[in-house]
Amino acid sequence: MSVDPRLARRQAAAANRTSTPQPPQPAAPTPPAPVQASETTPTTTSDSDVKASSAPADSYKLKFCTVCASNNNRSMEAHLRLSTSTASYPVISFGTGHYVRLPGPSISQPQVYTFNNTSYNKIYEELQAQDERLYRNNGILNMLDRNRGIKWGPERFHDWIVGASRLEPLNRGDKGADGTEGGVVDVVFTCEERCWDAVVENLLERGAPLNRPVHVFNIDIRDNHEEALVGGRAILELADSLNDAASQERQAHGPSGWQNGSGPARMSFDERVPEILGTWQEKWPNLPALWTLSWF
């Protein structure tokens, strides 16, 4: 796994500091209420599939971003899981392709749409009118029906202006929009290595104008509906572990310096991330993971 050199330098400096008190053990959380499945969730998703978050609803919440190629299948399943978990995480989602590509009548005839100005509802209605039987049988209409209940339409990561307000999704009632109106996140999850490469490269090209750290993970998920369901559960579990650690460090050291990565709570959290990922990977060995610390 790649490690940002600035984090390595901070880890070395941390070794020479006086040890800080260990964070207090958090109180046992109240058992969460069951999460109701969205009416627009694909028929393959059941209430029992939705993993309850281990984080108390009133605890600190990390902000997440999910990314796949077309912002339709894997990133949207993860978006749904994170936003409808007991913790109700703030979350946004994107694609990294030049266009939104969906299966068509044949491999050589994909359905192609543009990012940022095509709604999931429009795509749904067009495909339903073209061949409802085909797109119902291959799961595309079920997927789009779920998507249009989560947010308006697919967005492209490269067009996202970090730090710019995102009030329109909040006003529309997009799931997970509450908390992301500031246009920044703490963690990015990609669902394919080429998407991880595209995100990390794009962040480097941006030149870190906000000087704000962001953890970028890749969870390698095959692009089909069944694997997306499994991957969504796995991403939620990793998000819960990261959020628990962030809450513990903030309780122990205070939130000072958290946003720019200079405070003791943030430094301690950053240092715990590799161990958290290693523990998660042991449980999910069939979902190879990558990680790096990047900057906005």
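Analyst: A residue counts as buried when its relative accessible area is under 20%. The model discussed here is predicted. By that criterion Phe189 is buried, and so is Phe217.

User: Why is the pair of Phe189 and Phe217 called tilted?

Analyst: Rings pair if their centres lie within 6.5 Å, and planes under 30 degrees apart count as stacked, over 60 as edge-to-face and the rest as tilted. The centres of Phe189 and Phe217 are 5.7 Å apart and their planes stand at 35 degrees, so the pair is tilted. The structure holds ten aromatic pairs.

User: What makes this pair a tie between parts of the chain?

Analyst: Phe189 belongs to strand S5 (residues 187–190) and Phe217 to strand S6 (residues 213–219), so the contact ties together parts 28 residues apart in sequence. Phe189 and Phe217 also form one aromatic cluster with Phe64 and Tyr89.

User: Which label applies to the pair of Trp258 and Phe269, and where do the two residues lie?

Analyst: This pair is tilted, with 5.5 Å from centre to centre and 40 degrees between the planes. Trp258 is in the loop between helix H7 (225–253) and helix H8 (264–283), while Phe269 is in helix H8, so the pair ties together parts eleven residues apart in sequence. Trp258 and Phe269 are both buried.

User: Which arginines lie over the faces of Tyr60 and Trp258?

Analyst: The distance limit for a charge over a ring is within 6 Å of the ring centre. Arg250 lies over the face of Tyr60 at 3.8 Å from the ring centre, and Arg266 lies over the face of Trp258 at 5.0 Å.

How values were computed:
Residues are numbered from 1 along each chain as its sequence is written. This is a predicted model: local features need pLDDT of at least 70, side-chain atom pairs count only at pLDDT 80 or more; totals for chains, interfaces and linings use all residues. Side-chain values use heavy atoms; hydrogens and water are left out. Rings of Phe, Tyr and Trp (its six-membered ring) pair if their centres lie within 6.5 Å; planes under 30 degrees apart count as stacked, over 60 as edge-to-face and the rest as tilted. Helices (H or I, at least four residues) and strands (E, at least two) are DSSP runs, numbered from the N terminus. Buried means under 20% relative accessible area, exposed over 50%, partly exposed in between (1.4 Å probe, protein chains only). A charge sits over a ring if NZ of Lys or CZ of Arg is within 6 Å of the ring centre and within 35 degrees of the ring normal.
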